[in-house]
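Work through the following exercises with the model open beside the text. Each one sets a task and then gives a solution in steps.

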Amino acid sequence: MAKIYKIQRACHADEYKFIVSGRNNFRKVLHPDYKAGRPPKPKDYTCLSLALQSSLIDKWYFHPQLEADDLLGIIATNRRVKNPIICTIDKDLLQIEGWHYNFYGEGDAFPHYQSKEEADYFWTQQLLTGDSTDNIQGIKGIGPVKARKLIAQYKDGAGLPYGAELAKYIYEKEEIDLAIYQKTLELVTIWKAPMPTELKQNELITEVIKTIGSLNDEEA
């Protein structure tokens, strides 16, 4: 709890929400090899999680089919929270426009703002690289440096903004199987409001979206 309060003070936040992942992860339903090879949770993980939940009962938020990343992205973009700040050590959330605070170690001195262009650029990069930590392929042999070179090489000719369409264009130009692109898109994209239309092509994702009002109503 002391760490939570320290983060809250560093962000000058009036209140906080504690976001956790659901157990019925839609990504693992779609692609069972997602996060394959990761070691099991520590043996005390469940009991410690339950103890923490009991002490944060009015702050604890989860959706049974979503990861914490997705809930953070939705809450940060659905305009229901005034001046939200995403507090995480996970680089993947840099896909989301808005204020961010990395609490690794002593933590950032102050939250920093990720512009829409910066967020969409990072999303494009992630769509090209995938994420080996989560067993997401992307374009084989492409890391962040090569991804940035590909983006610079193709963007002007494509006439597209940063995002999924540009990434797909690069896959096509590099003659990469678009099935790999689609799988990477479904696994690497952090959910937000409004939901990227490219994800709505998947039936399971569409069904999950229907359960989240903040991705469907006018306010989103």
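G105 counts as partly exposed because its relative accessibility is 46%, where partly exposed lies between buried (under 20% relative accessible area) and exposed (over 50%), with a 1.4 Å probe and protein chains only. This is a predicted model, in which local features need pLDDT of at least 70 and side-chain atom pairs count only at pLDDT 80 or more, while totals for chains, interfaces and linings use all residues. Residues are numbered from 1 along each chain as its sequence is written, and side-chain values use heavy atoms, with hydrogens and water left out.

**Exercise 1. Place G105 in the fold, and relate G105 to I75.**

Solution. Start with the secondary structure, in which helices (H or I, at least four residues) and strands (E, at least two) are DSSP runs numbered from the N terminus. G105 belongs to the loop between β4 (98-101) and β5 (112-114). Then turn to I75, which is 30 residues from G105 along the chain, with 25 Å between the two C-alpha atoms.

**Exercise 2. Describe the largest nonpolar core and the surroundings of L128.**

Solution. A nonpolar core is a set of buried Ala, Val, Leu, Ile, Met, Phe, Trp, Tyr and Cys residues joined through side-chain atoms within 4.5 Å. The largest such core has 43 residues, of which L66, L128, W191 and L215 touch the most other members. At least two residues each come from α4 (68-77), α5 (116-129), α6 (144-158), α7 (164-173), α8 (178-188) and α9 (203-209), and α4 gives the largest share, with 6 residues. For L128, set aside the neighbours within four places in sequence; the contacts (heavy atoms within 4.5 Å) then include G138, I139, I142, A147 and L150, as well as A167, I170 and Y171. A second, separate core of 5 residues has Y16, V20, L56 and W60 among its members.

**Exercise 3. Characterise the packing of α5 against α7.**

Solution. Two packed helices are described by the angle between their axes and the distance between the axes. Here the axes of α5 and α7 come within 9 Å and cross at roughly 35°, the axes being lines fitted to C-alpha atoms over the stretch in contact, with angles running from 0 to 180 degrees between N-to-C directions. Next, identify the residues that meet: W123, T124, L127 and L128 on the α5 side, and A164, L166, A167, I170 and Y171 on the α7 side. Finally, sort the residues of this contact by class, which gives 8 nonpolar, 1 polar and no charged; Ala, Val, Leu, Ile, Met, Phe, Trp, Tyr, Cys and Pro count as nonpolar, Asp, Glu, Lys and Arg as charged, and the others, Gly among them, as polar.

**Exercise 4. Is T189 buried or exposed, and which residues does T189 touch?**

Solution. T189 sits in the loop between α8 and α9, and T189 is buried because its relative accessibility is 1%. Not counting residues up to four places away in sequence, T189 touches R27, D70, Q95, W123, L127, T184, P196 and L199.

**Exercise 5. Examine the backbone at N83, E175 and P194.**

Solution. Most residues other than glycine have a negative phi, and most peptide bonds are trans. N83, in the loop between α4 and β3 (85-87), has a positive phi near 50°, and N83 is exposed at 58% relative accessibility. E175, in the loop between α7 and α8, has a positive phi of about 60° and is exposed, with a relative accessible area of 73%. P194 lies in the loop between α8 and α9, and the peptide bond from A193 to P194 is cis, with omega near -5°.
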